[in-house]
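Here are some notes to read alongside the model. Have it open and follow the points in any order you like.

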Amino acid sequence: VGLSRKLADSLSSCAVLVVGAGGIGCELLKNLVLTGFKNIEVIDLDTIDVSNLNRQFLFQKKHVGKSKAQVAKESALQFCPSANITAYHDSIMNPDYNVEFFRKFVLVMNALDNRAARNHVNRMCLAADIPLIESGTAGYLGQVSVIKKGMTECYECQPKPTQKTFPGCTIRNTPSEPIHCIVWAKYLFNQLFGEEDADQEVSPDTADPEAAWNPEETAARATASDKDGDIKRVSTKEWARSTGYDPVKLFNKLFKDDIMYLLTMDKLWKKRKAPTPLDWHQLENGEETEQLCLKDQQVLGVWGCCQLFQHSVETLRTQLQDRGDGAELVWDKDDPPAMDFVTAAANLRMHIFSMNMKSRFDVKSMAGNIIPAIATTNAVIAGLIVLEGLKILSGEIESCRSIFLNKCPNLRKKLLVPCILDPPSANCYVCASRPEVTVKLNVNKTAVLALQDRILKERFGMVAPDVQIEDGKGTILISSEEGETEANNNKFLSDFGIRNGSRLQADDFLQDYTLLINVLHTEELERDVEFEVVGEAPDKAPPPQTNQEEVNSITNGNKDSAQPSTSSKAPSDDDDIMIVDSDDEEEASSSSAAPATTGTKRKHPDAETGETSTKRPRTDQSNAAQDDDDDDIIALD
C-alpha cells in the first residue's frame with residue numbers, strides 16, 4: 001500500500017531525530033530513508049567495534065574504530081543519495097542538545113541501550129512537547145511504544161527495578177553463586193590494575209556481622225604468609241606492586257592465604273560448606289583434559305585456570321607498565337587479557353567454594369551482562385518504529401500502540417501484540433504537573449556529594465542539578481556552576497539544617513525539570529543502603545497469579561562500566577521486559593515465561609533482582625490485547 005500524497009510530502013519535509021546508531025538504529029535509519037524521510041539527524045557517542053558487525057549492517061570491517069553515527073549516515077545515503085542526513089558523534093546528554101534543539105523535530109525515535117540516556121531523552125521530549133517513540137530488544141523479545149506529553153505515560157511513569165547489588169560480605173566471604181565469584185573477579189581486576197574503589201574490596205570482610213568472631217583470638221590461627229603478602233595490607237594494588245605483580249604470589253595470597261583466613265571465621269561455616277584453599281605449588285604441572293569444543297566453550301580444569309591466571313596477570317602487568325606511572329586499566333569484556341583474568345580468577349574462586357566452574361563464554365555473558373543480540377528482532381522493531389511514526393505524522397496519534405514482540409506465538413497465534421497506551425500517571429515524578437518525591441535517608445550520614453551523584457543524578461536522572469533548601473532563605477546547597485558549591489560536597493545534610501520534614505527543590509535547567517524532594521530522616525536503613533524512595537512499586541508489587549511460574553532473568557548487552565552509546569556519563573543498566581498474552585513455556589537462553597491467562601500482561605523480572613512490577617489490566621475495546629503500560633526493553637548494542 002502506497003503512502004498518500006499528503007503523507008509522502010510530509011515525510012520529505014519534516015525533520016526527525018534518531019538517538020542511537022547501533023542494532024536498532026542502523027535498521028531504523030535504513031527504513032527511514034527507504035520510506036521517504038529526507039531530513040534526518042542521528043546521534044551516537046560510540047565507535048564501531050568488530051563485535052557489532054554481525055547485526056549492524058550499515059557497518060563493515062573497514063569501518064571498525066570509526067564513528068557509528070557518521071558511518072551510518074554515509075551507508076544510509078547509498079540507499080537514498082537525495083536524503084539530508086546530519087550525524088553527531090556525541091552524547092545526547094551534552095548540554096548543546098537543549099530544549100530548542102529538540103523543538104526542531106516533529107518526531108524523536110530512541111534506539112538506545114541504557115536507562116539514563118532514555119530518561120534524559122524522555123524529559124527533553126516532554127519539555128519540548130515532541131512525540132517520542134521508545135524501543136528496545138532483548139534476544140527474541142522486543143517492544144515499541146509512543147510517548148506524548150499529557151496524553152500517554154512517559155518513560156518514567158512506572159518505576160523500574162534497580163539493578164541488583166550484592167552485599168559486600170557475600171562477595172568477600174560467602175559466595176554461593178557463580179555471579180558472586182565473577183563480581184569478585186571484576187572487583188579484583190580494578191583493585192590490581194584499575195581504579196581502586198573502597199566499595200570493591202576483595203579481601204576477607206572482618207566486619208561481617210554474621211561472623212561475630214574475635215579477631216584477636218583467631219589471628220594466631222590464620223597461617224597467611226607475610227612473605228606472600230600481609231592479609232592486613234591497606235592497599236591491594238600497593239601490595240601487588242611490591243611483589244612485582246608476581247602471579248604465583250598473587251595466587252597464593254588470593255586463593256590460599258585469604259581462604260585460610262576466612263576459615264578462621266568459624267561461625268560462617270557452621271551451616272555452609274567451608275571453602276578449600278588452593279596452593280600453587282601443589283597444583284603445579286597438573287594435567288588438563290582436552291575438550292572437543294570451541295575454545296571459548298571449554299571449561300578448564302583447576303591447573304588450566306592457574307595457567308590462564310598466570311598468563312593474563314603477566315600480560316596485564318606489561319600493559320600497565322607500558323602506560324607509565326599512575327596508569328590504570330579499564331575492564332572491558334572485549335579485551336582478551338582482561339576477560340582471561342576474570343575467567344581464571346572467578347573459576348578458581350568457584351572451585352574453592354564448591355561450585356561448578358564455567359566456560360569463558362558463560363563468564364563473559366554474566367560479566368558483561370549479555371543476552372545474544374538477534375538481528376531479526378532489531379529489524380522487526382525498527383519496522384514497527386516507522387509504522388508508529390507514520391501514524392503520528394498522519395495526525396492519528398490516538399491510534400498509536402505499545403507493541404510487544406514475543407518469542408513464541410500467544411494464545412491467538414500472534415507474535416506481535418498491540419496494547420492501548422496508558423494515560424500519564426498522576427504520581428509520576430517526571431511528567432506530573434508538580435513532580436514530588438519523598439526520600440528516606442540519614443541526614444547525619446548523607447553527604448551533599450552523595451545527594452548530588454547517587455540520588456539526583458543516578459536515581460532521578462538529572463544531568464546538572466541545582467538544589468536549594470526551602471528554608472525561607474533560599475539557601476543554595478548545590479550549584480551546577482563549576483566551583484560554586486564544591487566546599488559543600490563533603491559536608492552532611494544536617495550541617496545545613498536539613499532534618500526530618502525538610503524540603504529541597506532540585507532544578508535541571510537543561511531538562512527544564514524541577515523536582516521537589518521531601519526528606520524523611522531515619523537511622524534504620526539496612527546495611528549498604530544509602531537511601532530509599534518512599535512508595536516505590538517494585539518492592540510492593542502484588543504477587544503473581546498461581547498459574548505463573550517465576551521467569552528467568554534477562555540482562556542487557558552493553559558494556560558493563562563502559563560508556564553507553566549516546567551518553568557520556570550514564571552507567572549501563574538492566575531494564576525489565578514485558579510479556580504479553582504469552583503461552584511460552586520453553587526455557588530460552590535469555591528468558592522464559594509460564595502460561596498467562598488470555599488478555600493479561602506481565603513483566604519479566606529484572607535482570608538481577610528478580611523483582612517484578614505488576615500493573616492493572618484494562619480491556620481493549622477491540623478485544624485484542626490487554627491495555628497496559630509502555631515499559632521498556634533495553635537494547636543490546
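This is a predicted model: local features need pLDDT of at least 70, side-chain atom pairs count only at pLDDT 80 or more; totals for chains, interfaces and linings use all residues.

Where is His281 found?

1. **His281.** This residue sits in helix H11, which covers residues 280–283. Is His281 buried or exposed? It counts as exposed, at 53% relative accessibility; the cut-off for that word is over 50%. Leaving out residues up to four places away in sequence, His281 touches Val248 and Asn252. Asn252 is 29 residues from His281 in sequence, and the two C-alpha atoms are 9.1 Å apart.

2. An unreviewed UniProt entry lists Cys154, Cys157, Cys428 and Cys431 under "binding site". They span 278 residues of sequence, but no two of their C-alpha atoms are more than 8.4 Å apart, so the four gather at one spot. Keep in mind that such annotations may be inferred rather than shown by experiment.

3. **Cys157 and Cys428 in more detail.** Two loops are worth a look here. Cys157 lies in the loop between strand E6 (141–147) and helix H6 (168–172), while Cys428 lies in the loop between strand E8 (416–420) and strand E9 (436–441). Cys157 is buried, with 6% relative accessible area, and Cys428 is buried too, with 3%. Beyond its neighbours within four places in sequence, Cys157 is in contact with Pro424, Ser425, Cys428 and Cys431. With residues up to four places away not counted, Cys428 touches Cys154, Glu156, Cys157 and Pro435.

4. **Ser145.** While you are at strand E6, check Ser145, which is found in that strand. Ser145 counts as buried, at 1% relative accessibility. Its side chain makes a polar contact of 2.6 Å with the side chain of Ser402.

5. **The six-stranded sheet.** What is the order of the strands in the open sheet of 6 strands? It goes E11-E10-E12-E13-E9-E14, and the pairing is mixed. Strand E11 (475–478) and strand E14 (531–533) stand at the edges with a single partner strand each, so one side of each has no neighbour in the sheet. On average, neighbouring strands here are turned by 30 degrees against each other, direction ignored.

6. E9 and strand E13 (residues 513–521) run parallel and are joined by 6 bridges; Leu441 stands opposite His521 of E13. E10 pairs with E12 in the antiparallel sense over 4 bridges, and Asp466 has Asp507 in E12 as its bridge partner. E10 also pairs with E11, again antiparallel, over 3 bridges, with Val467 opposite Ile478 in E11. The hairpin of E10 and E11 has 5 residues between the strands, and Gly472 takes a positive phi near 85 degrees there.

7. **The helix across the sheet.** Helix H16 (residues 448–459) lies across E9, strand E10 (466–469), E11, strand E12 (503–508), E13 and E14. The helix runs at about 70 degrees to E11.

8. **Nonpolar cores.** The largest nonpolar core has 56 residues, and those with the most contacts inside it are Trp184, Phe193, Phe255, Phe309, Phe341 and Leu348. Helices H7 (178–193), H9 (236–242), H10 (247–263), H12 (302–322), H13 (336–352) and H14 (360–367) are the elements that give it two or more residues. A second, separate core has 55 residues, including Ala128, Val463, Ile469 and Ile517.

9. Strand E1 (residues 15–19) is mostly covered, as 4 of its 5 residues are buried. E1 pairs with strand E2 (residues 39–43) in the parallel sense over 5 bridges, and Ala15 has Asn39 in E2 as its bridge partner.

Methods. Residues are numbered from 1 along each chain as its sequence is written. Side-chain values use heavy atoms; hydrogens and water are left out. Buried means under 20% relative accessible area, exposed over 50%, partly exposed in between (1.4 Å probe, protein chains only). Contact means heavy atoms within 4.5 Å. A polar contact is a pair of N or O atoms within 3.5 Å; within protein, one must be able to donate a hydrogen and the other to accept it, and residues adjacent in sequence count only if both atoms are side-chain atoms. Two strands pair if DSSP finds at least two bridges between them. Axes are lines fitted to C-alpha atoms, for helices over the stretch in contact, and angles run from 0 to 180 degrees between N-to-C directions. A nonpolar core is a set of buried Ala, Val, Leu, Ile, Met, Phe, Trp, Tyr and Cys residues joined through side-chain atoms within 4.5 Å.
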